[in-house]
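Here's a quick briefing to read alongside the model. Have a look at the structure first, then work through the notes below.

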Amino acid sequence: MEIKSDKNEKVIYIGPNMYRFDLMQNRIFNEKPKIAQELIQKCPLIDFLFVPLSKINQSVNALRSSSTPEALAVKQLKEMK
């Protein structure tokens, strides 16, 4: 389940640094980057790590619980490194 945002709202990547994909934690994008689509095919939960700025507090709090989609996405990405 993807977090919905206003089409014009910027998104922030809250996942771990993934240098080979040019993704750095807390990087802000005007929209979800194209490289994200490649990662989503490998790890669908990564969608939860591109968060509308208006939802940042909710999503960062979700990272603290090991059973949330955000936390599971981070775990999967760390395994991909």
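## Helix H1 and its charged pair

Glutamate 38 and lysine 42 sit 4 residues apart in helix H1, about one turn of the helix. This is a predicted model, so keep that in mind throughout. The pair makes a salt bridge, with the closest N and O atoms 3.8 Å apart, and the structure holds 3 salt bridges.

- Glutamate 38 is partly exposed, at a relative accessible area of 37%.

**The bridge between two loops**

- Aspartate 47 and lysine 32 meet through their side chains in a salt bridge, at 2.4 Å from N to O.
- Aspartate 47 is in the loop between helix H1 (34-42) and strand E3 (50-52), while lysine 32 is in the loop between strand E2 (28-29) and H1, so this pair ties together parts that are 15 residues apart in sequence.
- Aspartate 47 counts as buried, at 14% relative accessibility, since buried means under 20%.
- Lysine 32 comes out at 22% relative accessibility and counts as partly exposed.

**The bridge between aspartate 22 and arginine 27**

- Aspartate 22 pairs with arginine 27 in a salt bridge, and their closest N and O atoms are 3.2 Å apart.
- Aspartate 22 has a relative accessible area of 43%, which makes it partly exposed.
- Arginine 27 is also partly exposed, at 31% relative accessibility.
- As a general point, side chains of opposite charge can pair when their charged atoms come close.

**Helix H3, one side in and one side out**

- H3 takes in residues 69-80, which is 12 residues, and it reaches 16 Å from its first C-alpha to its last, close to the 16 Å expected at 1.5 Å a residue.
- Which residues of H3 are buried? They are Glu70, Ala71, Ala73, Val74 and Leu77.
- Why do these residues end up on the same side of H3? Because they cover an arc of only 155 degrees around the axis.
- Lys75 and Glu79 are exposed, on the other side of H3.
- What covers the buried residues of H3? The cover includes strand E1 (11-13) and helix H2 (56-63).

Note on methods: Residues numbered from 1 in each chain as written. Predicted model: local features only at pLDDT ≥ 70, side-chain atom pairs only at ≥ 80, totals over all residues. Heavy atoms only, no water. Expected span 1.5 Å × (residues − 1). Buried < 20%, exposed > 50% of the residue type's maximum accessible area, 1.4 Å probe, protein only. Arc of directions from axis to C-beta. Contact = heavy atoms within 4.5 Å. Salt bridge = Lys/Arg side-chain N within 4 Å of Asp/Glu carboxyl O.
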